[in-house]
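I opened a new notebook page for this one. These are my entries, in the order I looked things up.

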Amino acid sequence: MSKPKSNNMKTVSVALTLCLVCSVLVSAAAVGLKPSQVENARLDRNKNILVAAGMFDPAKDTNDDVAERFKDFDVEIVDLKAGDYLDDDALSAVGIDDRNAYDASQATKNQALSEDLGANDPASIGRVPKYAKVYVKNDDAGDPEMIVLPIQGYGLWGTIYGFLTLESDMNTIKGISFYEHKETPGLGARIEEPKWRATWSGIHSYDENGEVATGVTKAGNPKDNWIDGISGATLTSRGVSNMIQFWLGEQGYKPYLDAQRKESGKTLESTDAVARQSLHQNSPYQKLGQTDAALTHSVTKLAVIVPAANVTTATNGKEA
Ligand SMILES: Cc1cc2nc3c(=O)[nH]c(=O)nc-3n(C[C@H](O)[C@H](O)[C@H](O)COP(=O)(O)O)c2cc1C
């Protein structure tokens, strides 16, 4: 009669030992893999910054290229309302000790570092950070050549994260990338496709009066400077449109972009519309019956370029 009892004890103790060993192994794996997960996330983000900047081709470039090319960028923290950069003292004063480690998305969970958007929230993000992290590539003369801006907004199934790159006029879109979202593969997830992303290149963000002049139209309703939406993914396309308009607007980067444009002596009026058809004519998103004129987007040809003076640029803004 005592035999079955001892067998039960054995079974329970073996099961407990197994559980213990497994949980130790799982915890050790989680702790051990954490640094490489963080590193992979950083690599993926930097890769997408380069994609948006037109400096990385996932089809042929390597991770080593990411590290090398990312060195060209300075990391700056922008006060979104004031439109200027925070130097290290100003950063410390608002509780940001390390500009490279600063995460604006995380900052939206901190009352002191973000603001509730209330009803005025077209991108459905709830709160906007007071300080944004931007990536600036300067030319040989030390003037901004392009600026990569993090953007985020709600699609159909969740928040879409991406980067928008503007050329030195702080108006012409150079590129766009999306690196984290919950949209459906084959439908909303097509926002990641290079061919759709390419249709953004060369269009203007603002009209001559400084109003946001771009967005995503419903597929097949061409509108100058607007991007054709993705068929079957109208809701995701609308989400992207809303987020672009939000981040280019007054609550987003507009004060900063206006200030940068002013510092470099450029104006929205000095931009000159130039026909730019090559990128769009072969696009699979081109709708049947759409004319070349409807596909033509304006690009910037600057009439006056004055060397930047007194550009407020924090010095130690390199990020690994
Ligand atoms: C399973 C499933 C997944 C879907 N995923 C998306 C999506 O990721 N993005 C999107 O805009 N629409 C998605 N839709 C379609 C939307 O419900 C809606 O029909 C569509 O946005 C309308 O686009 P259209 O007007 O271009 O046809 C999905 C539908 C289903 C049934």
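**Entry 1: strand β8.** I started with how covered this strand is. β8 turned out to be mostly covered, with six of its eight residues buried. One reminder to myself before going on: this is a predicted model.

**Entry 2: who pairs with β8?** I followed the bridges next. β8 pairs with β7 in the antiparallel sense, and six bridges join the two.

**Entry 3: the turn between them.** The hairpin of β7 and β8 has five residues between the strands, and M170 takes a positive phi there, near 60°. I noted this down because most residues other than glycine have a negative phi. M170 is not a glycine, yet its phi is about 60°. Is M170 buried or exposed? I counted 25 C-beta neighbours inside 10 Å, so M170 counts as buried; the cut-off for that is 20 or more.

**Entry 4: another positive phi.** I found N225 with a phi of about 70°, and N225 is not a glycine either. N225 sits in the loop between β9 and β10 (227-228). N225 has 19 other C-beta atoms within 10 Å, so I wrote it down as partly exposed.

Entry 5: Which order do the six strands of the open sheet follow? I read it as β2-β1-β5-β6-β7-β8, with antiparallel pairing. The edges are β2 (84-85) and β8 (173-180), and each of these pairs on one side only. Further in, I looked at β5 (residues 131-138) and β6 (residues 144-154): they run antiparallel and are joined by four bridges. An example from there is K137, whose bridge partner in β6 is M146.

**Entry 6: a helix on the sheet.** Helix α6 (residues 234-248) packs on this sheet and touches β6 and β7 (159-167). I checked the angle too: the direction of α6 makes about 130° with that of β6. Then I checked the length of α6. Its 15 residues reach 21 Å from the first C-alpha to the last, close to the 21 Å expected at 1.5 Å a residue.

**Entry 7: the ligand.** L156, E183, T184, L187, G188 and A219 are part of the surroundings. The surroundings also include S231, G232, A233, T234, L235 and T236. By class, the shell has five nonpolar residues, six polar ones and one charged one.

**Entry 8: the overall tally.** I left the totals for the end of the page. The protein has nine helices and twelve strands. Of its 320 residues, 36% count as buried. I also looked at contacts between residues at least 6 apart in sequence: 60% of these join residues at least 24 apart.

Note on methods: Residues numbered from 1 in each chain as written. Predicted model: local features only at pLDDT ≥ 70, side-chain atom pairs only at ≥ 80, totals over all residues. Buried ≥ 20, exposed ≤ 12 C-beta atoms within 10 Å, placed from the backbone. Contact = placed C-beta atoms within 7 Å. Near = placed C-beta within 6 Å. Nonpolar A, V, L, I, M, F, W, Y, C, P; charged D, E, K, R; others polar. Pairing = 2+ DSSP bridges. Axes fitted to C-alpha atoms, helices over the stretch in contact; angles between N-to-C directions. Expected span 1.5 Å × (residues − 1).
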